[in-house]
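Visitor: Please show me the protein, and then let us talk through how its chain is arranged.

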Amino acid sequence: MRLRPADSRMGAMAVSIALLASIYVLLIHIPFVAPLTRIADDMDALRDDRARYAHVVASRPLLQKQLQAQAAHDSASGAFLAQDDTNAAAADLMQRMVDLVGNQAKSGPCEVVQKMPVPVQAKPGEPYRKVVVNMTLRCFIEPLTAVLHGIATSRPSLFVEDFNVGRTPMAKPADVDAPLDVQFSVAGYLRPAPAPAPAPAHEAVRR
């Protein structure tokens, strides 16, 4: 079967178009266009990153003012422990807990069995220094509830961590009124350490 001239021309054109497309992909698009497209995408990503960084830098003074205002509010509200030294703060915190437990005597028997400061490793860049003490109490339910409420509503702000409660080993299984052995940690925070004052600039020597 012989092809008509028109069909031959159409076939030749199709082959030519396919050949040109292959040449474009192999010799132009892959070596030049695709890398340029990737570079353009990378440049767009870099511009987006630069815009985000510029926004963060521009917001820094406002964030510093907000942090200073929050620190001033916390300091004025008595949220921090009064001491500047962690050892003194831990000793004061343990005495606070002894006094708090002693003040609940009217609610029922409750005693401090053991108290111990817990060393806390300061984290780099952390503005607040944490103070933690471990407490072991032997209490009935009512005074224990009062002690925990006193911690939650105290000034300075205190936080209960690692709370564990169980029946005292001396209690008989049928003794529902036996006191409870309670172990927990109490944490508070010191005020941020003041920033060191800048060294005075030397006056220029006049000639």
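Visitor: In what order do the 4 strands stand in the open sheet?

Guide: This is a predicted model, in which local features need pLDDT of at least 70 and side-chain atom pairs count only at pLDDT 80 or more, while totals for chains, interfaces and linings use all residues. Residues are numbered from 1 along each chain as its sequence is written, and side-chain values use heavy atoms, with hydrogens and water left out. Strands here are DSSP runs of E with at least two residues, helices are runs of H or I with at least four, and both are numbered from the N terminus; two strands pair if DSSP finds at least two bridges between them. With antiparallel pairing, the order is 1-2-4-3.

Visitor: Which strands stand at the edges?

Guide: Each edge strand has a single partner strand, so one side of each is left without a neighbour in the sheet. These are strand 1 (110–118) and strand 3 (159–167).

Visitor: How many bridges join strand 2 to strand 4?

Guide: Strand 2 covers residues 129–139 and strand 4 covers residues 180–190, and the two run antiparallel. Within this pairing Thr 136 stands opposite Gln 183 in strand 4. The number of bridges joining them is 11.

Visitor: At what angle does helix 3 run to strand 4?

Guide: Helix 3 (residues 141–152) lies across strand 1, strand 2, strand 3 and strand 4. Axes are lines fitted to C-alpha atoms, for helices over the stretch in contact (heavy atoms within 4.5 Å), and angles run from 0 to 180 degrees between N-to-C directions. The angle to strand 4 is about 10°.
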